[in-house]
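Please keep the sequence and the structure in view while reading.

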Amino acid sequence: MLKRLILLFSLLILLSPLAKAQSILVDELVATVNGDPITQSDVIWAIALNPQVKNEKDYLQNIPLMLEQIIDQRLLLAEAARLPNLDPSPIEISKAIGEVIKKFPSEQIFYQRVNKVGLTAEMLQQIFRDRLLILKYIDFRFRAFALISEAEIVDYYEQNLKPKIKDPTIVLPDKPSDQERKLIEAILIEERVNNQIEQFLESAHQQADIVQFKTGNNP
């Protein structure tokens, strides 16, 4: 979804240096967002729940990016908390965790990694509750109002799909099929939502009191 958000829901197995980092740096303050603290443990946990992070090198490289993503999430979460009736149900939280587990080689490996970074069941539930709350807020605030016109669909079809057909013997219809129309509409909705979120975050960053602290891993 988001270029900077989200993003957000995947992983592999932690090496021993990462497990050691948790015990040493777990409570180190790395940033605040409007007074809301972000600790080293928050960053470690977020990286641990990223299936693309495979080893210590990936972990170290992802620290600055993950911190920026957590800051963005805190800004969105603050707005989501203002709205009633968005709280995800326990079933929704369990389902979201299950979807992440599927991205691991096995459920055992997922829980090995979670345990190595000190994530308890309660913490895991809270992390996914917050993530789902953000997604619900995005649906309510941005996606519900992302209406795509027929003209936009046809224009996308003309500019992006038709040129990909190089065979001159194939005569394409003037308008997309129903299946193509649904696909184009979904693409355009996501583009519009992403743009609106980027604009929101840019404005939120300007208005928020964000402080980042120097740490051993964040010079």
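**Loops, helix contacts and pockets**

Glutamine 52 is found in the loop that joins H2 and H3, where helices (H or I, at least four residues) are DSSP runs numbered from the N terminus. The model is a predicted one, in which local features need pLDDT of at least 70 and side-chain atom pairs count only at pLDDT 80 or more, while totals for chains, interfaces and linings use all residues. Residues are numbered from 1 along each chain as its sequence is written, and side-chain values use heavy atoms, with hydrogens and water left out.

With a relative accessible area of 64%, glutamine 52 is exposed; the cut-offs are under 20% for buried, over 50% for exposed and in between for partly exposed, using a 1.4 Å probe and protein chains only. Its C-alpha atom is separated by 9.5 Å from that of lysine 103, 51 residues apart along the chain.

Proline 88 also has its place in a loop, the one between H3 and helix H4 (90–101). Proline 88 has 10% relative accessibility and therefore counts as buried. Leaving aside residues up to four places away in sequence, proline 88 touches Ile93, Arg129, Leu132, Leu133 and Lys136, contact meaning heavy atoms within 4.5 Å. Between the C-alpha atoms of proline 88 and phenylalanine 128, 40 residues apart along the chain, the separation is 9.2 Å.

H4 packs against helix H5 (residues 107–116) at an angle of about 105 degrees, with the axes 9 Å apart. Axes are lines fitted to C-alpha atoms, for helices over the stretch in contact, and angles run from 0 to 180 degrees between N-to-C directions. H4 and H5 are therefore roughly perpendicular to each other, a term that covers 65 to 115 degrees. On the H4 side Ile97, Val100 and Ile101 meet Glu107, Phe110 and Tyr111 of H5. This contact of H4 with H5 comprises five nonpolar residues, no polar ones and one charged; Ala, Val, Leu, Ile, Met, Phe, Trp, Tyr, Cys and Pro count as nonpolar, Asp, Glu, Lys and Arg as charged, and the others, Gly among them, as polar.

Among the residues making the contact are Ile153, Tyr156 and Tyr157 of H7, and Arg181, Ile184 and Leu188 of H8. The contact of H7 with H8 divides into seven nonpolar, no polar and seven charged residues.

The account now turns to the pockets. A pocket is an open set of points on a 1 Å grid over the protein atoms alone, where a 1.4 Å probe fits, with protein on both sides within 12 Å along at least five of seven lines; lining residues have an atom within 4 Å of a point. The largest pocket holds about 350 Å³ of space, a volume being the space filled by probe spheres set on the points. Its lining has 14 residues, with Asp42, Gln73, Arg74, Ile127 and Asp130 nearest the centre. H6 gives the most to this lining, with six residues.

The second largest pocket contains about 190 Å³ of space. Its lining includes Val33, Asn34, Arg74, Leu75, Phe200 and Gln207. H3 gives the most to the lining of this second pocket, with four residues. By class, six of the lining residues are nonpolar, two polar and four charged.

Key:
Helix = DSSP H or I, 4+ residues; strand = E, 2+ residues; numbered from the N terminus. Parallel < 35°, antiparallel > 145°, perpendicular 65-115°, else oblique.
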